[in-house]
Amino acid sequence: MPTYFKYTHMAVLFKGVNTVEKKYDYKKAKMDWHELNVSNEADMPLYMKDWYWDAVCDSTDEWKVICIYSEEGEIEAAFPFLYTKRKGLWFIELPWQVSYAGIWLRNKDISNKEKALKYLNENVKAIVESLPYYDYFHVTFGDSLWTWHPFYWLGYDARPTYTSIICADRSDIKKSVTYGRRKNINRAEKKYKILIDNISVEQYWNLFEQSYDTRGKKISHVKNKFINFVEILKQHDSCEIRTAIDENENIVAINIFLIDSKKYYHQFGTQLAGCKDATSFIIYNGIKACIDTKRNFDFEGSMIQGVCEFNVSWNPEFETHYVITKSSRKYRILNLIRQIFRDKRNS
């Protein structure tokens with residue numbers, strides 16, 4: 001019997017003729033995951049915390065978690081995921097405002113890559129064995145998935161994406177950024193002042209709405225959901241709102257940074273037209289505060305050219321993440337039909 005089956009004692013398989021039906025106790029797994037979150041709150045990454053997933057999902061029933069257990073009953077690995085049905089298809093994805101997550105692994109003192117790969121492979125196999133039926137699997141994994149070999153061996157596809165990191169050991173931020181970014185910061189220092197947590201989420205939304213109206217763009221967030229999300233972050237001391245004001249004490253830019261024990265995340269930001277220097281100043285101010293607390297600053301990265309070029313002007317390190325995908329035959333056929341109709345409309 002393969003080694004990984006010792007971790008799947010909660011997954012019961014019923015075999016019939018040409019069929020395999022999988023049963024998994026998601027309710028118990030979520031209770032155990034919650035207990036681990038509580039006991040490990042200080043070190044649990046923000047995008048893995050159960051209260052965070054409750055905050056970003058429309059319903060707590062929308063997301064599930066698979067826990068993989070050791071023989072002693074400890075959680076060795078976990079995989080939270082959004083599980084929804086749309087237009088007759090089942091999707092396994094990440095929810096809104098979870099940039100990357102994937103697999104949580106218990107820290108192990110593993111001495112070499114062979115043992116590390118074996119440990120990762122056993123847990124990935126156990127998780128995949130316990131997944132519910134899906135038509136489309138699309139999940140961006142964090143750095144705990146340091147190689148996607150185990151998913152490749154199980155028939156999944158992957159592509160790389162990146163996040164940009166300012167490491168906590170950076171000594172002089174201003175000297176390390178590009179000349180253009182340094183000029184932005186220097187100009188802003190003469191014009192603006194930074195205030196921390198001095199405004200409401202509603203005030204942020206108003207400036208956000210104003211800036212989008214000015215540019216003729218449509219906001220993709222739902223106001224009440226966004227405000228509720230940030231209020232929950234504040235309740236858990238997991239965000240800071242940094243505001244730039246001019247000499248007349250007018251708000252010109254606001255950024256919301258999410259925080260956990262190891263990182264600041266550059267999650268939201270907006271500014272009035274012509275005030276881009278203020279945004280650079282807020283980010284610079286946030287990076288300095290982040291490093292003072294021995295944390296890394298995470299721009300979250302983007303494959304969008306303009307966003308990437310802005311991030312890289314801060315001279316960050318790049319961290320590779322893998323977007324793992326797999327689709328059912330039904331999904332591939334329907335997707336092909338949709339593509340044919342799109343091509344006909346565009347021809």
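These legends walk you through close-up views of a predicted model. Local features need pLDDT of at least 70, side-chain atom pairs count only at pLDDT 80 or more, and totals for chains, interfaces and linings use all residues. Residues are numbered from 1 along each chain as its sequence is written, and side-chain values use heavy atoms, with hydrogens and water left out.

**View A. Around Ser328.** Ser328 sits in the loop between β14 (317-327) and α11 (329-346); helices (H or I, at least four residues) and strands (E, at least two) are DSSP runs, numbered from the N terminus. Ser328 is buried, with a relative accessible area of 12% (buried means under 20%, with a 1.4 Å probe and protein chains only). Leaving aside neighbours within four places in sequence, Ser328 is in contact with Tyr133, Tyr134 and Asp135 (contact means heavy atoms within 4.5 Å). A polar atom of the Ser328 side chain lies 3.1 Å from the backbone nitrogen of Tyr331.

**View B. Phe91 meets Tyr331.** These two residues form an edge-to-face aromatic pair, 6.3 Å centre to centre with 85 degrees between the planes. Rings of Phe, Tyr and Trp (its six-membered ring) pair if their centres lie within 6.5 Å; planes under 30 degrees apart count as stacked, over 60 as edge-to-face and the rest as tilted. Phe91 belongs to strand β5 (residues 89-93) and Tyr331 to helix α11, so the pair ties together parts 240 residues apart in sequence. Both Phe91 and Tyr331 are buried.

View C. Tyr134 counts as buried at 14% relative accessibility, and Phe137 as buried at 1%.

Note on methods: Buried means under 20% relative accessible area, exposed over 50%, partly exposed in between (1.4 Å probe, protein chains only). A polar contact is a pair of N or O atoms within 3.5 Å; within protein, one must be able to donate a hydrogen and the other to accept it, and residues adjacent in sequence count only if both atoms are side-chain atoms.
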